[in-house]
Amino acid sequence: MARVQALEAPELRPVVRVRRRTVRRTVETALWYVALIAMAVVTVFPFAWILLTSLKGLADPIFSVPPQFLPNDPTTTRASWTRFRCRPSS
Amino acid sequence: MALVRRYVGRGPARFLGGRSLTPYLFLAPALVLIAIFLFYPIASVLYYSFTDFDIATPPEWVGLANYQRLVRDPTFWKALTNSIIYLLATPTIIALSLALAIVVNRKLRGIHIFRALYYVPAVSGSIAIGISWRWLFDRNGFINSALISLGVLDEPIAWLAEPSLTLAIAMLLTIWAGIGYYAVIFLAGLQNIPEELYDAAQIDGCNNLQKHWHVSIPGLRPQIVFVFVISSLAALKVFDEIYVLTGRTGGILDSGTTVVFYLWKQAFQLNNAGYASAIAIVLLALTLVFSIVNIRMLERRTDTT
């Protein structure tokens with residue numbers, strides 16, 4: 001019996017260690033992605049803000065507290081894409 | 001004998017002390033362009049710096065009067081101080097873009113997307129970037145409204161009208177816009193460092209941070225020197241950020257005025273082209289000294305390896 005246990009134990013141990021390592025690695029990777037996304041927000045935000053502002057209608061506030069991200073002026077939202085046409089429709 | 005030897009050789013042209021003229025012929029087109037568009041303008045600026053010149057009427061020789069005025073001009077000294085403060089952006093940019101390159105060098109899924117996103121500011125025009133930042137930092141802009149709604153601020157801060165902040169925000173803009181570009185240079189350097197060096201460092205008992213300190217940074221020395229040279233010269237010559245962020249004013253009490261901005265203001269707003277030329281010559285001398293120091297650094301580095 002003792003001999004059997006001695007054979008089984010070393011087989012079991014690596015399994016536990018591997019699982020613990022994969023958990024640690026997953027958490028690590030997740031943290032890396034959080035950092036990468038945070039940095040991406042910082043670099044891209046000014047451009048996103050320009051794009052969103054370009055879509056805002058006349059009734060949408062550009063300067064407001066709290067800041068408004070998406071255009072929701074119902075009368076001009078659809079029309080605001082016209083700014084991206086070659087010849088803006090007046 | 002010497003004369004005979006001088007004219008012996010192959011090819012049609014044997015002048016210039018026995019050296020062939022052929023290489024100079026190949027260089028000629030580039031040299032002509034450089035002469036017309038670089039050396040001639042520099043020479044004429046040097047001439048104008050000794051004159052009283054308002055662009056519209058012919059220049060009038062005044063000798064060293066412009067330089068004497070320069071030494072006694074408090075705004076010029078303020079601009080020079082600001083430009084030298086601006087150099088602080090260089091070490092910051094090196095540290096941040098190096099860190100970013102090391103992060104982005106990890107083999108993670110979708111890392112290419114992040115690399116591309118970080119490079120977006122580098123492919124955008126400085127005026128477009130400047131305008132977007134002006135919006136964000138406006139008194140009623142996004143930064144203020146976000147901070148107020150988060151409860152950090154009670155009152156909006158006039159970021160760009162605050163003399164103590166003007167230069168800092170411009171530097172922040174330079175750093176933000178430059179990181180992506182310089183990180184690409186560092187990334188290229190990192191990918192040239194052999195993997196074995198990291199393995200060896202690991203065997204010697206280095207943790208992740210020590211590996212980068214002992215392998216990545218020494219391996220990136222040429223890139224670091226290059227980025228140092230490029231970004232410090234860019235910092236000395238900064239103009240766009242100041243122009244847009246301060247709305248062509250140079251900031252309240254010249255708080256954001258740098259040497260190049262002051263040069264532009266004297267030349268094109270106050271029509272003192274002669275005086276502006278004197279500023280340009282001083283700036284040229286400054287950048288020349290800086291470049292020589294930088295090139296010395298580069299040479300010393302290639303000698304030791």
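This is a predicted model: local features need pLDDT of at least 70, side-chain atom pairs count only at pLDDT 80 or more; totals for chains, interfaces and linings use all residues.
Residues are numbered from 1 along each chain as its sequence is written, and chains are lettered from A, with ligands numbered from 1, in the order in which they are written.

Chain A holds two helices and zero strands, where helices (H or I, at least four residues) and strands (E, at least two) are DSSP runs numbered from the N terminus. Of the 90 residues in chain A, 4% count as buried; a residue is buried if 20 or more other C-beta atoms lie within 10 Å of its own, exposed if 12 or fewer, and partly exposed in between, with the C-beta atoms placed from the backbone. Among the contacts in chain A with a separation of 6 or more, 10% join residues 24 or more positions apart, and two residues are in contact if their C-beta atoms, placed from the backbone, lie within 7 Å.

The contact between the chains takes 22 residues from chain B and 17 residues from chain A. On the side of chain B that touches chain A, α6 (111-119), α7 (126-136) and α8 each supply at least two residues. That side has 14 nonpolar, six polar and two charged residues, where Ala, Val, Leu, Ile, Met, Phe, Trp, Tyr, Cys and Pro count as nonpolar, Asp, Glu, Lys and Arg as charged, and the others, Gly among them, as polar.

**Helix pairs in chain B**

Axes are lines fitted to C-alpha atoms, for helices over the stretch in contact, and angles run from 0 to 180 degrees between N-to-C directions.

| Helix pair | Axis distance | Angle |
|---|---|---|
| α5(B) and α9(B) | within 7 Å | roughly 45° |
| α5(B) and α12(B) | 9 Å | about 140° |
| α10(B) and α11(B) | within 10 Å | roughly 135° |

The angle makes α5(B) oblique to α9(B), and in the other pairs α5(B) is oblique to α12(B) and α10(B) is oblique to α11(B). Angles under 35 degrees count as roughly parallel, over 145 as roughly antiparallel, 65 to 115 as roughly perpendicular and the rest as oblique. The crossing is right-handed for α5(B) and α9(B), for α5(B) and α12(B), and for α10(B) and α11(B); a crossing is right-handed if the near helix is turned clockwise from the far one by less than a right angle, and left-handed if anticlockwise.

By class, the contact of α5(B) with α9(B) has 16 nonpolar, four polar and no charged residues, whereas that of α5(B) with α12(B) has seven nonpolar, three polar and no charged residues. The contact of α10(B) with α11(B) has four nonpolar, two polar and one charged residues, and among those that make it are Tyr198(B) of α10(B) and Lys211(B) of α11(B).

**The largest nonpolar core**

A nonpolar core is a set of buried Ala, Val, Leu, Ile, Met, Phe, Trp, Tyr and Cys residues joined through C-beta atoms within 7 Å. Of the 59 residues in the largest one, Ala101(B), Ala183(B), Phe186(B), Leu245(B), Val259(B), Leu263(B) and Ile279(B) touch the most other members, and α9(B) gives the most to this core, with 13 residues. Leaving aside residues up to four places away in sequence, Ala183(B) touches Ser97(B), Leu100(B), Ala101(B), Val104(B) and Tyr118(B). In soluble globular proteins, nonpolar side chains tend to be buried together.

Helix α14 (residues 259-269) of chain B is mostly covered, with eight of its 11 residues buried, including Val259(B), Leu263(B) and Lys265(B). After α14(B) comes Asn271(B), whose phi is positive, near 60°.

Leu253(B) lies in the loop between α13 (240-245) and α14 of chain B, and Asp254(B) is found in the loop between α13 and α14 as well. Phi is positive in Leu253(B), near 55°, and in Asp254(B), about 55°. Leu253(B) counts as exposed because it has 11 C-beta neighbours inside 10 Å, whereas Asp254(B) is buried because 21 other C-beta atoms lie within 10 Å.

Glu162(B) sits in the loop between α8 (142-149) and α9 (163-190) of chain B and is partly exposed, since 14 other C-beta atoms lie within 10 Å. Although Glu162(B) and Ile252(B) are 90 residues apart in sequence, they are 7.5 Å apart in space, C-alpha to C-alpha.
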